[in-house]
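Here are my notes on the aromatic side chains, as promised. Have the model open while you go through them.

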Amino acid sequence: MIRIGVIAGSTRPGRKSDVVARWVRDIAAKRGDATAELVDLRDHDLPHLDSPLPPSMAPSTHPKVRRWASTIAALDAFVFVTPEYNHSIPGVLKDAVDYLYREWHDKSAGLVSYGLHGGTRAAEHLRLVLAQVEVADVRSQVALSLHTDFVNFRDFRPAAHQEQTVSAMLDQVVAWGGALRGLRRP
């Protein structure tokens, strides 16, 4: 079984990433080939990135970062749920990725983005960041529009076809997560 962490990538008051991440997790829970758990950045309360050396040279000794590292190390794959803030991802999500290195290696990831234009620019930026820490992001992506998948830009009501889009993305995440398993160090 592939263990998927569905990462709620915003901690902002009034955020939607937690609601969207639970929706993705619930769709993933229907599968027989994977388990999924919610990984909410709000629950990890990571400090702003302040490591004197990059994690590839010296992993952080900060207790909150070590807890975060343990969470990520235990997973085989990820689905990142991110809003688009100024054509990019939230700073807290960037820090969460940047704090770790080996824990991310040789794992797969799917992207679920949201914003006025589906959060596609944030997703493309996140792809570049994930490539640097050796995460294999899959081609299928879920882009949720604040115009069509949210009522009054607030209440999440995904269009009917979006569940199929999530399932297609998860098919790829699970396949790549299994294929990469043999490359990961124990």
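1. Tyr 114 counts as buried because its relative accessibility is 6%, and Phe 150 counts as buried at 4%. Buried here is under 20% relative accessible area, exposed is over 50% and partly exposed is in between (1.4 Å probe, protein chains only). A word on the basis: this is a predicted model, where local features need pLDDT of at least 70, side-chain atom pairs count only at pLDDT 80 or more, and totals for chains, interfaces and linings use all residues. Residues are numbered from 1 along each chain as its sequence is written, and side-chain values use heavy atoms, with hydrogens and water left out.

2. The structure has seven aromatic pairs. Rings of Phe, Tyr and Trp (its six-membered ring) pair if their centres lie within 6.5 Å; planes under 30 degrees apart are stacked, over 60 edge-to-face, the rest tilted. One of the pairs is Phe 80 with Trp 104, tilted, at 5.9 Å centre to centre and 40 degrees between the planes. Phe 80 is in strand β3 (residues 77–83) and Trp 104 in the loop between α3 (91–98) and β4 (107–115), so this pair ties together parts 24 residues apart in sequence. Helices (H or I, at least four residues) and strands (E, at least two) are DSSP runs, numbered from the N terminus. Phe 80 and Trp 104 are both buried.

3. Back to Tyr 114 and Phe 150: they make a tilted pair, 5.8 Å centre to centre with 40 degrees between the planes. Tyr 114 belongs to strand β4 and Phe 150 to strand β6 (residues 150–151), so the pair links parts 36 residues apart in sequence. Together with Trp 23 and Phe 156, Tyr 114 and Phe 150 form one aromatic cluster.
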